[in-house]
Amino acid sequence: MATLFIDYQQMILDAYERKKKENTLPYGLMYLTPAKIKEVCELKCTQNVSKQDEKTIREFCGDLNETKTILAVVQRCETDKFRPLVNFIRGKSEKPDEKHIELLAWLIDFPGRPFKHGKNYAAGNIALPETDAPEQTSEILLTEVPGPKPEKPEISETPSPLSGTENPVGKEKTKSKPSKRLALAAILSLVLGTTATWWWKESSQPLDLSGGCMYWKEDHYELAACNEKVENARIIALDTMKLKYFRKITRPDTITYQSLGKVWYSKINGKIEYYTSAGEHPETFGRKLKPISIYMINKYILSNSTSN
């Protein structure tokens, strides 16, 4: 039976609550504010965004100009646009706009998004990620492989007058070849399926987030207990996205025009530092990082490379 949008909406909200209990949500979605949700959107836009999700984001922000990168669209999106989504998640609004539901689906990686009329979004249809498919394929192949068992050839004790031209044993060997090929194909599929499933499980293992907080160390964040004292470091609330992806770029000469929309910088006391994500400077409280521009690349990076 086709799923109604109101049921699809409830499934996304249930998925959000489940991830919240499992502590697998980004910091901005755990402690809801419009600014935090916008920051999570900016961070996710630094990764690969599908065409479907890009359409969702552009419609949400009301900017369909495809000459702008999706990150630029989110950065220019008014923070107040995220407030209705906050109200919906907190239960203050029962009838949110469809675009808010689809944005939440993207933020929590809800499978099967966006909503399609006539589609069945039953739990069984969307519970498993697509990476489980190899294992399912292997099981199906194994059920199809066994074919008719090869029979032993009956060899007459009395030589046949045609024995010089026909070889019953040779015929039987020829018939058994397709069965052997199918068996080999099944074994290979099983091995590949098992390997793919193991890889997915290993790569999707959550980080050990028992610390609850983190601090900046040289060029990255490290986990810490919230009551821990670290010399010359500020302990802040855990942000899983920053812990995983936020890095200081120690080789500015690797920055090119391809880095536009992927690199941010801060200039403090004439010193420029480069980072892999947007947000606040990790050591100077209240200082926001800026997206790198063609002007900055030309003046501070390419000009240095040329002079060197």
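I began with Leu243, which is buried, with a relative accessible area of 9%, where buried stands for under 20% relative accessible area, exposed for over 50% and partly exposed for what lies in between, taken with a 1.4 Å probe on protein chains only. I noted that the model is a predicted one, in which local features need pLDDT of at least 70 and side-chain atom pairs count only at pLDDT 80 or more, while totals for chains, interfaces and linings use all residues. Residues are numbered from 1 along each chain as its sequence is written, and side-chain values use heavy atoms, with hydrogens and water left out.

I then placed Leu243 in helix α11, residues 240-245; helices here are DSSP runs of H or I with at least four residues, strands are runs of E with at least two, and both are numbered from the N terminus. From Leu243 I looked across to Tyr215, which is 28 residues away in sequence and 9.2 Å away in space, C-alpha to C-alpha.

Of the contacts with a separation of 6 or more, 59% come from residues 24 or more positions apart, a contact being heavy atoms within 4.5 Å.

Next I turned to helix packing. Two packed helices are described by the angle between their axes and the distance between the axes. For α1 (residues 5-21) and α7 (residues 98-107) I found axes that come within 10 Å and cross at roughly 40 degrees; the axes are lines fitted to C-alpha atoms over the stretch in contact, and angles run from 0 to 180 degrees between N-to-C directions. On the α1 side the contact holds Phe5, Tyr8, Gln9, Ile12 and Tyr16, and these meet Glu98, Ile101, Glu102, Leu104 and Ala105 in α7. By class I recorded seven nonpolar, one polar and two charged residues in this contact, with Ala, Val, Leu, Ile, Met, Phe, Trp, Tyr, Cys and Pro counted as nonpolar, Asp, Glu, Lys and Arg as charged, and the others, Gly among them, as polar.

Staying with α7, I noted that eight of its 10 residues are buried, so this helix is largely enclosed by the rest of the structure; among the buried ones are His100, Leu103, Trp106 and Leu107. At its N-terminal end α7 is capped by Asp97, with a side-chain oxygen 3.1 Å from the backbone nitrogen of Lys99. After α7 comes Asp109, with a positive phi near 55 degrees, and in the loop between α7 and α8 (123-126) I found Pro114, whose peptide bond from Arg113 is cis, with omega near -10 degrees.

I looked up two further residues with positive phi. Asn23, in the loop between α1 and α2 (27-30), has phi near 60 degrees and counts as partly exposed at 34% relative accessibility. Glu218, in the loop between β1 (212-217) and β2 (220-225), has phi near 65 degrees and counts as exposed at 63% relative accessibility.

Last, I traced an open sheet of four strands in the order β4-β6-β5-β7, with antiparallel pairing, where two strands pair if DSSP finds at least two bridges between them. Its edges are β4 (248-249) and β7 (290-291), each with a single partner strand, so one side of each is left without a neighbour in the sheet. Strand β5 (residues 264-268) is joined to β7 by two bridges, and there Tyr265 stands opposite Lys290 in β7.

Notes: Polar contact = N/O pair within 3.5 Å; in protein donor to acceptor, adjacent residues only side chain to side chain.
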